[in-house]
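Below is a short note on the model, arranged as numbered points. Please read it alongside the coordinates.

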Amino acid sequence: MHERVADTCGWVALAGEYRHHPPLEGAQSTDWAIIGGGFTGLAAARRLAELRPNDRIVVLEGKRLGQGASGRNSGFVVANESPGHAALASADGRAAYAALHALDVAGVAALKSLVQTHGIACQWQDAPSIHAAANPRNFAKLRAHAAAFDEMGIDAELLDSDALQTRLGTGYYRLGVQSRGGALVQPAMLAKGLAESLPEQVELFENTPVTDIAPDGTITHAGGSLKAAKVIVAVNAFLPRLGLYRARVFPLALTASLTRPLTEGEIAAAPWGILSPQALGATLRLTGDRRLMIRNTAEYRPAGIDAATLASRRRIHLSALQKRFPWLDDGAIEYTWSGNIAISRNSRPAFAAVSDRIFVAGGYNASGVARGSIMGRLIADLANGEPSDLLDHALSLTPPTDMPPPPLLGFGIKARIAWERIAARGEA
Ligand SMILES: Cc1cc2nc3c(=O)[nH]c(=O)nc-3n(C[C@H](O)[C@H](O)[C@H](O)COP(=O)(O)OP(=O)(O)OC[C@H]3O[C@@H](n4cnc5c(N)ncnc54)[C@H](O)[C@@H]3O)c2cc1C
């Protein structure tokens, strides 16, 4: 019989009890409706409460607040995204990188301030980002990456194999670029803390999936309807299901695993996080409670990942971990899960007023903890007419570009993933 693995996000399982919120029922009206309770939706709700203290603000979450991608990610609060992803060769690419970088830096600062103000227990750790490679074919890319950081005034340095071995407790990686400004967190604890620290004015409803948004702001959901003066859509990978950004944004399913806590004898290093210069290379972390987390698969599976596929992804994770830590036992993985990111062809987020009533923010590829938090805040500013330089940065980004419609879309994505998998050889 084929092995099967239940989809259990380790971060969510270890985050403790979540406060429950009832579903919304009946026909109601509101000043503001926010659809989606991840980092983007929660940030939008918090900002609206600051700007509109007397308005009704309603968040509709289809499942549980903060337990979508926001609770299931790798927990890198990214300040300095890999410039390799940003097409630095063109003036437009450089301007976009600068705008996104300004947004990410503001996102990290906004999150850190909330964590401190509300005492959110989320294992927040100011930590440098380390992009590291094992395969010499990627060294030139890392050096170009360091040079680009240098040119942009981002504090960064190269790490050789000895420095990496001392830091990480594995000799697998041979060259790295370390840059400062980011952080590592337990993402589910962060998302839970953000939801639980929202002002009381914000009304939270869970298990309330939205099925339609009419141009006049009437939202149809599982429990009835909600007529909203303004609507903020923050559903990330699920935008096309609500008829928005079709063939511009699509979901990519990532899978990740978390081990049991390791002993000090097994690994003595302090917590760290490694990102790959290749899109499908492994993201790897050692957490404060000495668990290893790995994420090294990405696939186009709009229908979701079943238990047999998840079992096979767990085997891939284990083999990648054992390549780096050969002493690791076969039963070391405790949790394996999947989650969706939203991808666009030109790696730009969706951030726009779709009409004078409907506003959208989402689609940050695999870099939405800081970015989603700041863009959620800014989409509320846009909807309420609050100008700022940061809002201008967000509005300056070229929108996600068109892709072919299905089924061509599916073929194109699968071909690109196959190519990225080959490029990531030795890094996955
Ligand atoms: C495995 C994995 C690893 C990642 N690692 C990182 C990382 O280390 N660092 C980083 O910065 N980013 C990472 N990301 C990406 C990051 O998690 C996302 O960019 C971020 O969570 C986006 O936040 P969001 O609020 O826009 O979307 P989400 O967190 O996806 O939230 C959207 C919410 O909308 C809800 N929803 C969807 N449809 C409906 C509907 N019809 N009605 C009502 N509600 C609906 C969903 O249930 C969900 O709760 C990773 C993602 C994954 C999956």
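1. Gln-123 counts as partly exposed because 17 C-beta neighbours lie inside 10 Å; a residue is buried with 20 or more other C-beta atoms within 10 Å of its own, exposed with 12 or fewer, and partly exposed in between, the C-beta atoms being placed from the backbone. Gln-123 sits in the loop between helix 4 (91-117) and strand 4 (125-126). Its phi is near 55°, a positive value in a residue other than glycine. Most residues other than glycine have a negative phi.

2. This is a predicted model, in which local features need pLDDT of at least 70 and side-chain atom pairs count only at pLDDT 80 or more, while totals for chains, interfaces and linings use all residues. Residues are numbered from 1 along each chain as its sequence is written. Helices (H or I, at least four residues) and strands (E, at least two) are DSSP runs, numbered from the N terminus.

3. Ser-347 also has a positive phi, near 60°. Ser-347 belongs to the loop between strand 17 and strand 18 (350-353). With 21 C-beta neighbours inside 10 Å, Ser-347 is buried.

4. Which residues are closest to the ligand? They are Gly-36, Gly-38, Gly-68, Gly-339 and Gly-368, out of 41 that surround it (C-beta atom, placed from the backbone, within 6 Å). Helix 2 (39-51), helix 3 (69-72), strand 13 (249-259), strand 17 (333-344) and helix 9 (369-384) each give at least two residues to the shell. By class the shell has 19 nonpolar, 18 polar and four charged residues; Ala, Val, Leu, Ile, Met, Phe, Trp, Tyr, Cys and Pro count as nonpolar, Asp, Glu, Lys and Arg as charged, and the others, Gly among them, as polar.

5. Helix 9 also meets helix 10: Met-375, Leu-378, Asp-381 and Leu-382 are in contact with Leu-390, Leu-391 and Ala-394 (C-beta atoms, placed from the backbone, within 7 Å). The residues of this contact divide into six nonpolar, no polar and one charged.

6. Leaving aside neighbours within four places in sequence, the contacts of Ala-33 include Val-58, Leu-60 and Ile-219.

Technical notes
Contact = placed C-beta atoms within 7 Å.
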